[in-house]
Amino acid sequence: MPWQGIPLEEALPACERGDTFTVDEIKLVERQTSPPDYLTEADLITLMEKHGIGTDASIPVHINNICQRNYVTVENGRRLKPTNLGIVLVHGYYKIDAELVLPTIRSAVEKQLNLIAQGKANYQQVLQHGLEIFKRKFHYFVDSITSMDELMEVSFSPIAATGKPLSRCGKCHRFMKYIQAKPSRLHCSHCDETHSLPQNGAIKLYKELRCPLDDFELVLWTSGARGKSYPLCPYCFSHPPFRDMKKGMGCNECTHPSCQHSLNSLGIGQCVECDGGVLVLDPTSGPKWRMACNKCNVVVHFFEHAHKVQVAQESCDACDASLVAVDFNKTRTPLPDGETQHTGCVFCDPIFQDVVELKHATMRHSMHRGGGARRGGRGRGRGRRGNPKKPKDKMAALAAYFV
């Protein structure tokens with residue numbers, strides 16, 4: 001923190017061994033760390049020159065523009081203090097396309113202009129290249145304008161005062177407000193950031209558990225008592241942490257290798273109706289336990305009134321699906337001889353045949369349903385172990401279980 005360094009006039013003079021000094025005052029000072037002060041006009045000009053942005057003529061015009069547009073105000077000492085509008089715009093641009101606020105693309109354009117001046121680049125080619133880049137950026141920004149609208153609405157409308165505290169932000173660890181007005185989202189007033197949520201359902205706190213990647217508190221999305229539900233991280237939902245994940249995915253599609261909420265820990269087998277879907281255990285569904293497809297609206301009910309249902313590390317030899325360990329109620333156990341604990345495959349174990357029931361979730365919005373062949377298989381590897389084994393009688397067995 002160089003801004004908290006000792007001023008030159010207060011620095012110790014050169015000292016040698018044996019020098020004697022008189023102590024004038026002894027004191028103990030207690031302080032807290034603080035952020036650096038706002039940039040002055042001179043600081044901003046220095047940074048623009050460092051990144052190769054602007055010329056001697058355009059830099060003063062730039063500073064005048066951001067003041068006139070109310071992005072910053074000039075405070076004492078010629079310091080530029082960002083306004084709420086300026087902060088929201090920067091957050092919105094960064095959320096949609098970070099290059100619109102980072103100095104990289106502007107610096108690249110300036111370098112190309114210098115090449116034209118030096119006779120090393122063709123003017124028309126540079127012009128067409130720049131126009132094509134910004135044309136695509138403009139269309140992408142228009143397609144994603146809802147993200148900017150959400151930030152503007154939260155900051156500059158009466159909705160900013162609404163919402164109820166729900167879950168903690170992973171950055172400042174303060175409660176974020178859940179805004180139910182469509183599109184529903186979470187807003188952290190301290191960080192001035194808005195996080196998207198899945199729509200057409202209810203959102204509630206998920207056992208105060210946190211995401212191991214960013215420390216955000218998880219929330220639970222549900223479409224109702226007869227529908228699907230799954231936990232999600234508000235930050236990962238809009239910022240996918242892995243390459244094979246897309247925006248809008250919950251924990252039931254997260255490929256984290258060890259998180260207890262991820263697909264790798266709760267995935268049981270391939271969906272019996274759609275292509276690419278995985279049946280994932282819903283850990284909040286007990287005592288009416290179920291697993292639901294993370295792609296379509298298929299819901300499989302099983303092991304009603306069981307005390308505990310867990311996904312085991314072992315997999316089925318026949319279909320490669322994950323085994324399920326079940327602890328049944330003593331008075332309602334379907335196991336022979338009054339046994340209460342059993343581990344087996346949901347698709348292949350004959351003991352589990354009569355306690356598995358296929359249904360379709362009641363959804364408040366349409367979902368894609370694949371028309372592929374019915375099949376069972378392990379979903380937790382996501383291709384890691386290759387194609388699952390498919391014995392000839394697999395399709396017939398599944399049809400007998402689920403029709």
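Which residues is Phe303 in contact with, leaving aside its neighbours within four places in sequence?

1. **Phe303.** This is a predicted model. Beyond four places in sequence, Phe303 is in contact with Pro287, Trp289, Val309, Val324, Val326, Phe328, Val346, Phe352 and Val355.

2. **Main core.** The largest nonpolar core has 35 residues. Ile268, Phe302 and Phe303 have the most contacts inside it. At least two residues of this core come from each of helix H8 (263-266) and strands S11 (278-281), S12 (290-293), S13 (298-302), S14 (308-315) and S15 (322-327). Strand S11 gives the most, with four residues.

3. **Helix H3.** H3 covers residues 84-96, 13 residues in all. From first C-alpha to last, H3 reaches 18 Å, close to the 18 Å expected at 1.5 Å a residue. Gly86, Val88, Leu89, Gly92 and Ile96 are buried in H3. Seen down the helix axis, the buried residues of H3 fall within an arc of 165°, so they line one face.

4. **Hairpin S5/S6.** Strands S5 (residues 185-188) and S6 run antiparallel, joined by four bridges. Arg185 stands opposite Ser196 in S6. Four residues lie between the strands of this hairpin, where Asp192 takes a positive phi near 55°.

5. **Faces of S6.** In a regular strand, side chains alternate between the two faces of the sheet. In S6 (residues 193-196), Glu193 and His195 point one way. Thr194 and Ser196 point the other way. All four of these residues are buried.

Terms used. Residues numbered from 1 in each chain as written. Predicted model: local features only at pLDDT ≥ 70, side-chain atom pairs only at ≥ 80, totals over all residues. Heavy atoms only, no water. Buried < 20%, exposed > 50% of the residue type's maximum accessible area, 1.4 Å probe, protein only. Pairing = 2+ DSSP bridges. Expected span 1.5 Å × (residues − 1). Arc of directions from axis to C-beta. Core = buried A, V, L, I, M, F, W, Y, C linked by side-chain atoms within 4.5 Å. Contact = heavy atoms within 4.5 Å.
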